[in-house]
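This report describes one protein model for a reader who is new to structural analysis. Please keep the sequence and the structure in view while reading.

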Amino acid sequence: MNNPLSNLKLDYWYHVLIVLGALFLLTSLTVSLEGVDNNTVQVLSLACILIGIGEWVNHPILTEIVPPSRSVPSGGELISHPRNNSIVGILFDSIGLFILALGLYLLFL
């Protein structure tokens with residue numbers, strides 16, 4: 001039986017944010033945490049997931065074909081993830097930041 005997490009590629013910080021948010025959310029839903037309220041951890045985890053999704057949407061993949069030149073004799077393919085704000089990405093980021101502020105308020109209340 002293969003490990004389902006073996007093909008998980010965490011190349012960018014927003015992917016890590018989504019995975020950590022999901023991990024803490026699942027932990028807070030199943031285990032009674034000591035020292036902090038589970039509801040607060042759930043709110044902070046949801047904020048991390050939403051911000052991660054918003055940044056993933058705001059960093060779309062850009063592929064460019066590089067023609068052969070003196071510096072690149074065989075040509076090639078250039079792949080990058082530049083920031084390109086979209087309404088959906090900004091909406092996820094905004095909701096995530098609002099929920100993060102709420103979670104921090106609950107944490108220090």
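**Basis of the values**

The model is predicted, so local features need pLDDT of at least 70 and side-chain atom pairs count only at pLDDT 80 or more, while totals for chains, interfaces and linings use all residues. Residues are numbered from 1 along each chain as its sequence is written, and side-chain values use heavy atoms, with hydrogens and water left out.

**Overall form**

The protein contains 3 helices and 2 strands, and their order along the sequence is α-α-β-β-α. Here helices (H or I, at least four residues) and strands (E, at least two) are DSSP runs, numbered from the N terminus.

How does the radius of gyration of the protein relate to that of a compact globule of 109 residues? The protein has 19 Å, whereas such a globule would have a value near 13 Å. The radius is taken over C-alpha atoms, and the globule rule is 2.2 Å times the number of residues to the power 0.38. Along the principal axes, the C-alpha trace spans about 60 × 40 × 20 Å.

Of the 109 residues, 24% count as buried. Buried means under 20% relative accessible area, exposed means over 50%, and partly exposed lies in between (1.4 Å probe, protein chains only). The protein exposes about 7900 Å², of which carbon and sulfur atoms supply 68%. Accessible areas come from the Shrake-Rupley method with a 1.4 Å probe; for residues, only the protein chains shown count as cover.

Contacts (heavy atoms within 4.5 Å) can also be sorted by sequence separation. Among contacts between residues at least 6 apart in sequence, 60% join residues at least 24 apart.

**The aromatic cluster**

Tyr12, Trp13 and Tyr14 form one aromatic cluster. Rings of Phe, Tyr and Trp (its six-membered ring) pair if their centres lie within 6.5 Å; planes under 30 degrees apart count as stacked, over 60 as edge-to-face and the rest as tilted. By this rule there are 2 aromatic pairs, and the table lists them.

| Pair | Centre to centre | Angle between planes | Type |
|---|---|---|---|
| Tyr12 and Tyr14 | 5.6 Å | 5 degrees | stacked |
| Trp13 and Tyr14 | 5.7 Å | 80 degrees | edge-to-face |

Is Tyr14 buried or exposed? Tyr14 counts as buried because its relative accessibility is 1%. Tyr12, in turn, is partly exposed, with a relative accessible area of 31%.

**A nonpolar surface patch**

Leu8, Leu10, Val16, Val19, Leu20, Leu23 and Phe24 form a nonpolar patch on the surface, with about 570 Å² of accessible area together. Patches are made of residues with over 30% relative accessible area and no salt bridge; like charges are joined within 9 Å, and nonpolar side chains (Val, Leu, Ile, Met, Phe, Trp, Tyr) within 5 Å. Leu20, one of the patch residues, lies in helix H1 (residues 13-30). With 40% relative accessibility, Leu20 counts as partly exposed.

**The salt bridge**

Side chains of opposite charge can pair when their charged atoms come close. A salt bridge is a side-chain nitrogen of Lys or Arg within 4 Å of a carboxyl oxygen of Asp or Glu. How many salt bridges does a search of the whole structure find? The search finds 1: the side chains of Arg83 and Glu55 meet at 2.4 Å, N to O. This pair links distant parts of the chain, 28 residues apart, with Arg83 in the loop between S2 and helix H3 (87-107) and Glu55 in helix H2.

Glu55 is buried, with a relative accessible area of 8%, whereas Arg83 is partly exposed at 45%. Leaving aside neighbours within four places in sequence, Arg83 is in contact with Glu55, Asn58, His59 and Asp93. The C-alpha atoms of Arg83 and Leu8, 75 residues apart along the chain, are separated by 22 Å.

**Two exposed loop residues**

Glu34 lies in the loop between H1 and helix H2 (38-58) and counts as exposed, at 79% relative accessibility. Between Glu34 and Ser69, which are 35 residues apart in sequence, the C-alpha to C-alpha distance is 61 Å.

Pro67 belongs to the loop between strand S1 (62-66) and strand S2 (76-80). This residue is also exposed, at 55% relative accessibility. Beyond its neighbours within four places in sequence, Pro67 is in contact with Val72 and Gly75. Pro67 and Ile53 are 14 residues apart in sequence, and 33 Å separates them in space, C-alpha to C-alpha.
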